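Subject: Structure handover

Hello,

Here is the structure for your files. My notes on it follow below.

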Amino acid sequence: MKERFQYEIWSLLKRNISKGQLLGYAIANIVGLTVILTGMLFFADSKNTDPDRDKYFSDDYAVLSKRVEGVGFNPVSFSDEDIAKLSKQRWVNKIGDFTPSQFAVSATVNIGGRGMSSYLFFESVPDDFFDIKPRDWSFDPEERFVPVIINKDYLALYNFGFAIPQGLPQISENVIGGIPIKLRLTGRDNITEYYDAAVVGFSSRLNTIAVPQSFMDWANERYGTDEEKKNPSRLIVKIDRLAAADMEQYLRNEGIEVAGDREGEGNISEFLGVVSSVVTANGVVISSLALFILILSIFLLLQKSRDTLNRLMFLGFSPKEIGRYYILVVLVANICITLIATSAALICRQLWAGALHELGLGGASVVPVLIAAAAYLIFITLINICVIRRKLMAMWHN
């Protein structure tokens, strides 16, 4: 009997519920919540990197040097204070020094029956900063063999800028490793000694002629003309590109230059974050408007049903009992809205998943987004409940 009576009350109340208004609220809220969740998913994916696949946004390396002004004989270098300040920047993961040779180096090679000799310079950096790992990257003073890594551009300059005009053969990367090089090292007290050398690899990261750090430390101690250790003139920095939004401004303020044309790097992730923030903000606006529509619809509905509600209250039904029916409608609508919007956002995610995967991004956990959707459901339902009960209590007291 009680259940039948409750059914009749529900049948009486739902006559004045506008399906069009409820549908409009649902559509607007689905759109708004979908935009919000999509923006959150895109932001999470754009910030989630895979170090094994990341090409643009994870750790990167930059070679830094102080800007040279005018003409001077005092070496431009980084002091201990400069390095300490640089290491505190949030985009710096690790710093390595370029160690230059403190002795004279000349090399002789024989290519195509023609001998060539030239003065060279050597530098070394810690092994962790190399982009290649040659098999023979070590030095033993007893073997008197020095492995060398050069920049790929050096070979291109020889092949296309020097070899052809001089009538010399062009050389591939595979062949150059088999060409013997004779090094002549001259240091303090006119010590002169000879070593064998060979190119064992090519670097795209380091624009220098690199030798093992173990050889450089040993040779500078044996041949070096400067007893005091000098400050490094160049640094190689391991950079977190996701945190590098303020890197360019810092380097400009400190008068530091970056080797190569790297202007604008590290800003793409920041741009993606801004885009996702704008999308999310639009979703918040749409959802706010949808909530306003529902609140307005509730006021109109209760006002339209005022006579019916007053009769029910006169018969002894409390505002809490009457409001239960409207709250049930709102709760069911909000649950459906949340489920549809969450599913739509997860489907939209597939539109950018492939493109971000190519960049080494994506694959972020969806748990935070699901939590946000649940929080939205609870928040908007509580607002609806408060509006319904407040309006009914006002009618009760009148």
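Phe122, Val146, Leu183, Leu185 and Phe215 touch the most other members of the largest nonpolar core, a set of 30 residues. A nonpolar core here is a set of buried Ala, Val, Leu, Ile, Met, Phe, Trp, Tyr and Cys residues joined through side-chain atoms within 4.5 Å. Buried means under 20% relative accessible area, exposed over 50%, and partly exposed in between (1.4 Å probe, protein chains only). At least two residues of this core come from each of β4 (104-111), β7 (145-151), α4 (152-166), β8 (181-186), β9 (192-203) and α6 (213-223). Helices (H or I, at least four residues) and strands (E, at least two) are DSSP runs, numbered from the N terminus. A second, separate core has 15 residues, including Leu37, Leu41, Ile337 and Ala345. In soluble globular proteins, nonpolar side chains tend to be buried together.

This is a predicted model: local features need pLDDT of at least 70, side-chain atom pairs count only at pLDDT 80 or more, and totals for chains, interfaces and linings use all residues. Residues are numbered from 1 along each chain as its sequence is written, and side-chain values use heavy atoms, with hydrogens and water left out.

Contact means heavy atoms within 4.5 Å. Neighbours within four places in sequence aside, Leu185 is in contact with Phe103, Ala104, Val105, Ile191, Thr192, Glu193, Tyr195, Phe215 and Tyr223.

Leu168 sits in the loop between α4 and α5 (173-176) and counts as buried, at 8% relative accessibility. Not counting residues up to four places away in sequence, Leu168 touches Ile111, Arg114, Met116, Tyr158, Phe162 and Ala163. The C-alpha atoms of Leu168 and Tyr158 are 9.4 Å apart, with the two residues 10 apart in sequence.

For the protein as a whole, there are 11 helices and 12 strands, and buried residues make up 41% of the 398 residues. Of the contacts with a separation of 6 or more, 80% are between residues 24 or more positions apart.

On cysteines, the count of disulfides (pairs of cysteine sulfur atoms within 2.5 Å) is zero. Cys336 is partly exposed at 39% relative accessibility, whereas Cys386 is exposed at 54%.

Regards
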